[in-house]
Structure formats: C-alpha cells, structure tokens
Amino acid sequence: MSGQSLHPPLVGAPLLPPMAPPSGIRPSPATWIRKNLFSTPFSGVLTICFTVLAAWLLHQFVSFAVLDAVWAGGQEQCRANPEGACWPFIVEKFDYLRYGAYPVSERWRVDLTLAIGAVLIAWLLWKRAPRRNVAALLFFVAYPVVAFVLLRGVASLDLPVIDTVLWGGLLITLLMSIVGIVFSLPLGVLLALGRRSELPFVRAVCVIFIEVVRGVPFITVLFMANFMMPLFVPDYLTPDRLLRPLIAIALFSSAYMAEVVRAGLQAIPKGQYEAAKALGVSYFTMMRLIILPQALTIVIPGIVSTFIGLFKDTTLVAIVGIADFLRAVETARVDPNWAGPTISSTGYLFAGLVYWIFCFGMSRYSQSMERALARGHKS
Amino acid sequence: MSDVLLAAPSRRSLSLHDAKVRGIIYQLLLAASLLALAVGIAVQTASNMRARGIPLSFGFWNEAAGFDINQTLIPYDTLSTYGQAFWVGVVNTLYVSLLGIVLATILGFVVGIARLSPNWIVSKVAASYVEIIRNIPLLLQLLFWYNAVLKALPAPRASIELPGGIYLNNRGLIIPEIQLYAGAGTVGLAFLAASIFCVAFWFYARRAQNRTGKQLPGLWVSLAALIGLPLAVFLLVGSPVSFVTPELKGFNYRGGHQLYPEFAALLIGLSVYTASFIAEIVRSGIQAVPKGQTEAAHALGLAPGKTLRLVIVPQALRIIIPPLTSQYLNLTKNSSLAVFIGYPDLVQVFAGTVLNQTGAAVQVMAITLSVYLAISLVMSMAMNAFNQRFAIVER
C-alpha cells in the first residue's frame with residue numbers, strides 16, 4: 001500500500017490561480033442598481049418609498065442625537081432647545097446611572113468587581129483561550145464569593161459594609177445578569193439531566209418545575225419572590241430585598257436554560273452514551289467527561305440568546321423597588337432640576353443605546369459561534 | 001463462558017449495586033426532601049400569615065373592592081367585588097393579547113418577507129428593524145411609547161384635530177361614538193346573509209374549478225357581497241346610525257369613545273417588539289423551504305406572488321407555526337408589563353391592587369399563576385391540534 005506510485009501524477013502539481021470573471025459579467029454599479037433596486041416597476045416604487053423612509057428616520061435620529069443636540073452647558077441651554085438631545089444631562093447623571101447611590105469613596109470596589117468579571121467572561125468566551133475550564137471554575141465558584149465580599153463588604157477586611165438599598169444603576173443590571181447566569185446554568189444543567197432521567201419521579205418533578213416556570217410571566221415570579229418568600233421562612237431568615245429578585249431571576253432563567261441544555265443533550269448521538277456505558281463509566285462521570293462537554297459546546301449560541309433574554313428581563317426588577325439601570329434613568333429623567341422638553345427622550349435614547357450595544361454585541365458573538373460550530377460539523 | 005453470560009439472576013437480592021434499587025432510593029430521598037420542604041413552608045407560611053393577620057381563606061373574593069378601573073370591557077364599578085375585579089383583569093389581559101397577536105403577526109410576516117426581498121434597500125430596512133427592536137428591552141420600549149410619545153402629546157385643550165371628529169391628546173385618542181337606531185339590526189342580518197353566501201360561493205367555486213378547471217373570481221364576488229349587500233340595506237332603511245362627536249367640556253372630552261394611552265402604548269409596544277421575533281421566524285421558515293420548490297413553481301409559470309402564496313408559504317407554515325406559538329405565549333406573558341404603565345391587566349388589577357388591599361399574597365398569586373398556566377396550556381393544546389392536522393402525511 002505504501003510507497004511511491006509508479007505512474008506520473010495525473011494532475012499537475014501547481015494549481016492554476018483562479019481567473020477573474022470576464023469583464024462583461026462583472027457587475028457595474030449601474031447593473032447592480034438595476035438588478036437590486038429597480039428590477040420591476042413595483043420594486044422601483046418600493047425602493048423610492050423605502051429610501052425616503054430610511055432617509056427620513058436617519059435624518060430624524062441624527063438631527064436629534066447629534067446636529068440639534070446640546071453638547072455643552074447646563075439646564076438652561078437644554079430648556080431653551082426643544083429640538084435636540086440634552087447630553088449634559090447624561091454627563092451629570094452618568095455616575096448615578098452607573099452606581100446608584102453607592103458611596104463615592106467605595107466605587108472602586110464596583111469597578112474592580114466588574115473588571116474581574118469582564119476578564120473572566122472574556123476568558124470563557126474567547127474560543128482560543130487556554131485552560132477555559134479554569135476560567136469556568138473561577139467564574140462559577142470563586143467569582144460569586146469575591147463579588148459578594150467586594151460589593152457588600154466585610155468589616156473585618158477593612159471593607160465597610162454597604163447596604164443594598166444604596167446599590168443601583170448599571171451595577172444592579174450587571175449584577176442581576178451575572179448572578180442569573182452563574183446560578184441558572186448549573187441549575188439548568190441539573191434540571192435538563194433530571195428531565196432526561198430514567199427515574200420517573202425525578203423526571204416528573206423536573207418537567208413540572210420547568211413547564212410551570214416557563215408558563216408564567218417573569219413579573220409574577222418577581223411578585224412571588226417579593227411577597228411570598230418572606231412568608232415562607234421564619235422572620236430571622238427573611239431574605240434581603242435585593243436577594244429576593246436575585247433568587248427569582250436565578251430560578252426563572254434556570255427553567256429556560258434547562259430547555260436549551262436539553263436540546264444539546266438530545267443532539268449527542270446515542271452511541272456516545274452507549275460507548276460510555278459499555279466502558280463501565282458511571283452516570284456522573286459519563287455526564288461530566290463525555291456528554292456535557294459536547295452538549296454544552298453545541299448549545300453555546302442558545303445559552304447566549306437565553307442570556308440576552310435574561311439581560312433584557314432584568315429591567316423588570318424595578319417593579320419590586322430595585323433601582324436597576326432603567327429605573328435609574330426613570331428617576332433621573334423626572335428630576336425637577338432638569339425638567340426640559342427633551343430630557344425624557346434623551347434618557348430613553350441613552351438607555352436604549354446602552355442596552356442595544358450589550359445585546360447586539362452578545363448576539364453577534366452567538367452568531368459567530370454558530371458559524372464556527374457549523375464549520376466544525378461539516379469538516 | 002456462555003454459562004456465565006446466560007445465567008440470569010434467579011432471585012433478585014436487594015443490593016445497592018442494583019441500578020434499580022439505587023434509582024428507587026434516590027427517588028424516595030428526593031420525594032422525602034421535597035415533602036419536608038413543602039410541609040415546612042406550609043406550616044411556616046400559615047403561622048406567619050396568622051401572626052400578621054392575613055386571611056387564610058378565599059373569603060375576600062366576594063367583598064366589595066372599593067376601587068375603580070378606568071378601562072373595562074365588562075360591567076364594573078367601585079361597588080363590585082374583588083372577584084369581579086379579577087375578571088376585569090383577565091378580560092383586559094386577553095383583549096390586549098389577542099389584538100397584539102393579530103397586529104404582531106401581520107407586521108411580523110410583512111417584515112419577515114421584506115427581509116427576503118430581492119430589493120436591497122427593502123431587505124436592509126427590514127433587517128435593521130429586526131436588529132434594533134429585538135435588542136432593546138420591551139419595558140424600555142413601552143416606557144418610550146408611553147412617556148415620550150403618547151404622554152408628550154398636547155393637553156386636551158390643545159388637542160390635535162383629525163378629520164371626522166377625531167381628537168388626539170395626551171389622554172388618548174377620542175373617536176365619535178356610534179349610536180344605532182331601529183333598523184340597524186337588519187344591516188347586521190344582511191351582513192350575516194352575505195357571509196353565508198360567501199361560504200356557499202366558495203364551495204361552489206371550488207367544485208366548478210375541479211370540474212371545468214376555470215377559476216371563478218371568488219375574492220371580488222365575496223367583497224362585493226360583503227360590502228354591497230349590507231350597504232344596500234343600510235341605505236334602504238335610511239342610515240340608522242348617527243355619530244356623537246366628542247365635545248370639550250372642562251378638562252376633558254365628553255361623549256365619544258376613548259382609546260386610552262396606556263392601552264395604546266401597551267398594544268404598540270407588544271406588537272412592534274414581538275413582530276421583530278416573528279419576522280425572524282418567518283424568514284428562517286421560508287428559507288427552509290428548498291429552492292427547488294420556487295424554481296419548479298416558476299417553471300410552471302406561476303407569478304412570484306402566487307408562488308409565494310400557493311407554494312412557499314403553505315410549506316413554510318409547518319416550520320413557522322411551532323415557534324410562532326411560543327411567540328404568542330411570550331406576547332401574552334409580556335402583556336403583564338402593563339403594570340409599569342398602568343393598563344389594568346390581570347397583574348396590575350389583581351396581583352397589584354387586590355393583593356395590596358387584601359394582603360392575601362398566597363391566594364392571589366396562586367390564582368394569577370393558574371390563569372397564566374391555563375392560557376399556556378390551552379394555547380399549546382390548540383397548536384398541537386393544528387400541528388397534527390397539518391403534519392406531513394407520510395406512508
């Protein structure tokens with residue numbers, strides 16, 4: 001079998017470089033416009049209508065946010081200008097929107113916590129990073145402890161305790177989302193395993209939990225956490241007002257995570273399970289070393305889109321009196337000192353941009369991951 | 001060797017090495033701990049509620065509620081009971097959800113099909129719509145529509161006057177009230193008769209097409225019957241309808257129907273937001289239909305519109321329907337965000353006001369959750385039936 005072929009190669013060794021398409025076929029801008037914008041009379045009409053619409057919307061946006069906006073000055077300049085956004089308002093409220101009422105001298109702790117979180121998340125999500133399992137361990141186990149110590153404070157470590165009433169703004173939004181993902185992913189994996197278990201009672205419990213939670217709105221779960229959790233436990237155990245929505249968000253998103261993970265478990269070929277069992281590997285070892293690493297990898301896009309949903313849902317915690325980022329914007333925009341014609345719109349525009357950048361960035365990551373996975377499966 | 005393989009265990013010893021035994025033990029442990037948790041919570045809750053003087057029964061159901069609700073579809077006033085307030089909430093939730101589902105479906109299909117348009121700018125505008133809307137939280141969009149758009153309209157005294165006696169101001173959209181006189185019932189009967197005629201004609205047209213191969217102009221005949229007959233009767237009995245134009249009295253308008261800004265903001269927000277998700281579902285559903293189907297339809301001489309309507313969409317619907325259902329459910333669940341802008345839906349009226357007034361958190365939450373679960377259950381059952389009806393029939 002091995003050894004050199006006796007025949008000379010049938011195919012020439014150096015491949016010819018690909019030729020450019022003939023100039024007649026290469027589309028000129030005019031051809032492109034005719035083909036893509038004016039292929040039929042109806043298409044032409046649509047093109048004109050939609051161009052006008054898009055141009056008008058873009059013009060409205062740019063003139064409000066940039067051209068007519070107030071860039072420097074204070075309340076007076078904003079009140080005098082009913083046309084454009086009032087950016088000095090955002091500049092003045094910027095710290096409040098980020099930290100809420102967290103004491104100014106201690107804000108470095110928030111920054112540090114978020115920086116550590118950002119590094120860990122980047123490490124986890126960067127596809128070529130070394131030792132991502134260490135990152136996972138740090139993120140899901142060590143980070144919550146560090147974050148708790150840093151944010152809330154421990155008197156003996158010379159970090160004054162900051163009451164959660166003072167927490168607010170983007171800090172709360174990010175905290176809610178990170179707590180949500182840190183707790184909901186492991187819980188979701190457990191629920192998904194339970195739902196695929198061969199034990200009927202375990203399966204029934206998991207199915208009921210997942211379907212009930214997915215069948216009700218997040219607001220009702222928040223209401224339950226807020227009003228009923230204090231009734232469930234003795235008075236001395238009553239959870240902190242910030243802890244209640246955190247528990248709610250972790251439980252709520254774990255049901256959605258479970259469904260995502262289940263899809264991944266179902267996508268793993270049966271042979272993998274059977275091979276593991278044939279080797280005498282126990283259930284938990286099989287899951288830990290063989291099934292879950294494969295299943296979780298293929299559902300990363302699903303996990304990210306669930307996370308985007310979770311991130312958007314954190315806005316609802318305002319209903320139980322938690323001052324998240326959107327609530328901070330709401331509070332800031334009704335500040336009588338800044339009463340002006342465009343303050344509300346400016347606030348919403350800014351909030352929209354912030355949320356959009358986060359969500360769009362994550363969805364882009366998820367799409368690139370999806371493409372990478374599709375490539376991996378084809379080869 | 002074969003003896004060893006074939007020897008089945010003649011008697012089952014209860015051993016921890018037996019997977020079945022271990023399974024039973026695990027399940028018993030789980031059941032015991034869940035039971036302990038449930039009993040613990042129940043006992044603690046009961047004693048906590050008693051200590052705080054919160055009623056443990058559903059007795060509040062028939063007590064007078066004593067608060068008013070500004071938008072009701074069923075009779076309600078301050079003397080009504082908490083039970084009636086609950087039904088107002090349920091009906092309002094269903095009302096806004098159903099309207100939202102209709103609007104979101106229309107908008108979503110339009111945007112989804114526009115995304116696949118060969119026209120570059122149309123597809124780009126549709127794609128931008130999807131990417132912008134679905135990456136901004138729904139609550140932010142609702143607050144924007146409510147506070148920055150609808151509440152920023154002029155006060156009633158400076159209302160924007162639209163043609164036909166319609167006024168737009170920050171209290172909502174006020175349209176003339178329709179008053180019916182004797183004879184209006186005949187118009188309704190005429191409409192009913194026209195509808196029956198349309199159905200009959202549709203059956204006749206189909207049979208005619210099967211027999212002769214000729215298509216009858218079903219759409220035009222139906223439209224003519226549905227509009228023409230009631231209109232003719234309407235004129236015959238002498239226009240039994242008058243419009244009461246709203247008039248500005250004091251600080252607000254009297255007479256006329258009012259479309260409240262809370263309702264409008266919720267409806268717009270829910271429809272626009274959900275439409276962006278529906279558009280993606282429609283796009284991927286249509287793209288999942290093999291290209292050969294389009295090419296075959298074109299080769300048979302079907303025009304692009306008919307290709308889409310008769311060949312592509314029916315096949316794409318099979319793929320579209322299941323995720324579409326879950327979007328409908330999401331919309332219904334998201335209608336609970338009404339509580340942020342004050343539209344009296346189930347959560348705002350019942351889990352909000354009633355819970356605060358009675359303090360009966362456990363009962364109120366249990367009822368609220370059951371309503372949403374029932375809606376989910378009914379919708380998924382309906383969709384399962386639909387899926388079975390339209391599933392591909394294989395040998």
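This is a predicted model: local features need pLDDT of at least 70, side-chain atom pairs count only at pLDDT 80 or more; totals for chains, interfaces and linings use all residues.
Local features are given only where pLDDT is at least 70 and side-chain atom pairs only at pLDDT 80 or more, whereas totals for chains, interfaces and linings use all residues. Residues are numbered from 1 along each chain as its sequence is written, and chains are lettered from A in the order in which they are written.

For chain A, an unreviewed UniProt entry lists several stretches under "transmembrane region", among them residues 166-193 and 286-311; such annotations, given in the numbering used here and with shortened feature names, may be inferred rather than shown by experiment. Residues 166-193 of chain A are 86% helix and 0% strand, with end C-alpha atoms 39 Å apart, while residues 286-311 of chain A are 96% helix and 0% strand, with end C-alpha atoms 32 Å apart. Helices (H or I, at least four residues) and strands (E, at least two) are taken as DSSP runs, numbered from the N terminus. UniProt, again in an unreviewed entry, also lists residues 170-359 of chain A as "domain: ABC transmembrane type-1", and over this range the chain is 77% helix and 0% strand, its end C-alpha atoms being 14 Å apart.

The contact between the chains, in which two residues count as touching if their C-beta atoms, placed from the backbone, lie within 7 Å, takes 45 residues from chain B and 43 residues from chain A. On the side of chain B that touches chain A, helices H2, H4, H5, H10, H11, H12 and H13 of chain B each supply at least two residues, and H2(B) gives the most, with eleven. By class, this side of chain B has 31 nonpolar, twelve polar and two charged residues, where Ala, Val, Leu, Ile, Met, Phe, Trp, Tyr, Cys and Pro count as nonpolar, Asp, Glu, Lys and Arg as charged, and the others, Gly among them, as polar. Leu46(A), placed in helix H2 (residues 41-67) of chain A, is in contact with Asn119(B) and Val122(B), leaving aside its neighbours within four places in sequence. Leu46(A) counts as partly exposed because it has 19 C-beta neighbours inside 10 Å, the limits being 20 or more other C-beta atoms within 10 Å for a buried residue and 12 or fewer for an exposed one, with partly exposed in between.

Helix H12 (residues 346-358) of chain B has 13 residues, yet its end C-alpha atoms are only 16 Å apart, short of the 18 Å that a straight helix would reach at 1.5 Å a residue; the expected span is 1.5 Å times one less than the number of residues. The buried residues of H12(B), including Phe350(B) and Leu355(B), pack against helix H9 (218-232) of chain A as well as helices H3, H11 and H13 of chain B. Just after H12(B), Gly359(B) takes a positive phi of about 75°.

Chain B also contains paired strands, pairing being assigned if DSSP finds at least two bridges. Strand E1 (residues 160-162) of chain B runs antiparallel to E2(B) and is joined to E2(B) by three bridges, with Glu161(B) partnered by Tyr167(B). Strand E2 (residues 166-169) of chain B is in turn joined by three bridges to the antiparallel strand E3 (residues 172-175) of chain B, where Tyr167(B) has Ile174(B) as its bridge partner.
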